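Reader: Please go through this model with me and set each label against its definition.

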Amino acid sequence: MNTYYDFPDIDGTPISISQLTENSISLEPHCHEFYELALITKGSCRHIFKGVTVLAVPGDVSIIPPHQVHCYKSLSEVSIINCCFIPEKINADWHNILKSISPEQNISPSLSSEHALDNHWQDAIFDPDTRGLAGPAANAPELQGLIHLDGSEYTHVISLMHNLIEEQEHNKFGKLYMKSGLLQIILVLLGRLQTRKLSRLNDYSDRKKKLINTAKAYMENHLEEITSSTEIAEKLFLSPAYFRSLFKDITGMTPTNYLNRLRVIRSLEYLEREDLSIAEAAGKVGIYDSNYYSRLFKKIMGYSPRYFKKAR
């Protein structure tokens, strides 16, 4: 029988946001009757959901629907902003808000709470079951509906989440309305990212998508040997410029950024599972400049590999 967790009521509203660390994250499989949105802000963890395990790093976002079993494992100095919410209980009282702003005016019934913006929650919530990638070529992050935010996307979303935290900490007028508005903006932004992702895929033939899947598989299997994206393009009999353009259009990342992220994640697994030095772990993924590896690791993980080794 699955363990159900109660809603973490922090301020009496059906939206609760908190910053979690490895000491406050549940390691046991569990589920709940509410939605959960989790953004990794530092470190790494393994997220087990939908029968697959994904190593999540900063910028990765998961949305867990109600009654779905999941858990975290192998935490490495991880920090997560976790937002739990119950859409059907989010009912901002628009009538009272408008009345408090213009108490002398009669508020039209069409602006009452029954027509409030929160009736559009179902449209705002990203459902990985319906919008995530599917099919035999889907990998574990896509099966989970995992979303990876790039630099500007991450900055935007993290700013909105900090605004949510601030609203939660201060009992100001219209707090629930502000929290629900901020959360809906976050969900719509994530939905747009996934929509663009699917749109990019739909714009290309199966042959071109298969080429990129082949490139990704080649990267995963030859991390130590690859010297540049030009080498991968040559394997696919494509010009380097066309390959870089096609790869970014389909994946949303440049080949170099994708390869660097893959290398850091793989090296992290080596540091976790094997008794390797930092230089040895870097070398096993094809990075032989320790200073460059340390800068790259810190940029992606949020802390240095030396700090990670010491913390373990």
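Author: Residues are numbered from 1 along each chain as its sequence is written, and side-chain values use heavy atoms, with hydrogens and water left out.

Reader: What is the average pLDDT of the protein chain, and where does pLDDT stay under 50?

Author: pLDDT is the predictor's confidence in each residue, from 0 to 100. The protein chain averages 82, and 82% of the residues score at least 70. The value stays under 50 over residues 102-118, for which the model has 25 contacts beyond four places in sequence. It also stays under 50 over residues 128-138, with 21 such contacts. Where pLDDT is low, the predicted coordinates should not be read in detail.

Reader: Why is G43 called buried?

Author: Buried means under 20% relative accessible area, exposed over 50%, and partly exposed in between (1.4 Å probe, protein chains only). G43 has a relative accessible area of 0%, so G43 is buried. G43 lies in strand β4 (residues 35-49); strands (E, at least two residues) and helices (H or I, at least four) are DSSP runs, numbered from the N terminus.

Reader: What does G43 contact?

Author: Contact means heavy atoms within 4.5 Å. Leaving aside neighbours within four places in sequence, the partners of G43 include A56, V57, P58, M301 and Y303.

Reader: Why does N82 count as buried?

Author: The relative accessible area of N82 is 8%, so N82 is buried. N82 is placed in strand β7 (residues 70-85). Not counting residues up to four places away in sequence, N82 touches S16, I17, S18, L20, E36, L37 and A38.

Reader: How is the packing of α7 with α10 described?

Author: Two packed helices are described by the angle between their axes and the distance between the axes. Helix α7 (residues 206-221) and helix α10 (residues 255-273) pack at about 40°, with axes 10 Å apart. Axes are lines fitted to C-alpha atoms, for helices over the stretch in contact, and angles run from 0 to 180 degrees between N-to-C directions.

Reader: Which residues of α7 and α10 meet?

Author: K216, M219 and E220 in α7 meet P255, Y258, L259, L262 and R266 in α10. By class, this contact has five nonpolar, no polar and three charged residues. Ala, Val, Leu, Ile, Met, Phe, Trp, Tyr, Cys and Pro count as nonpolar, Asp, Glu, Lys and Arg as charged, and the others, Gly among them, as polar.

Notes. Predicted model: local features only at pLDDT ≥ 70, side-chain atom pairs only at ≥ 80, totals over all residues.
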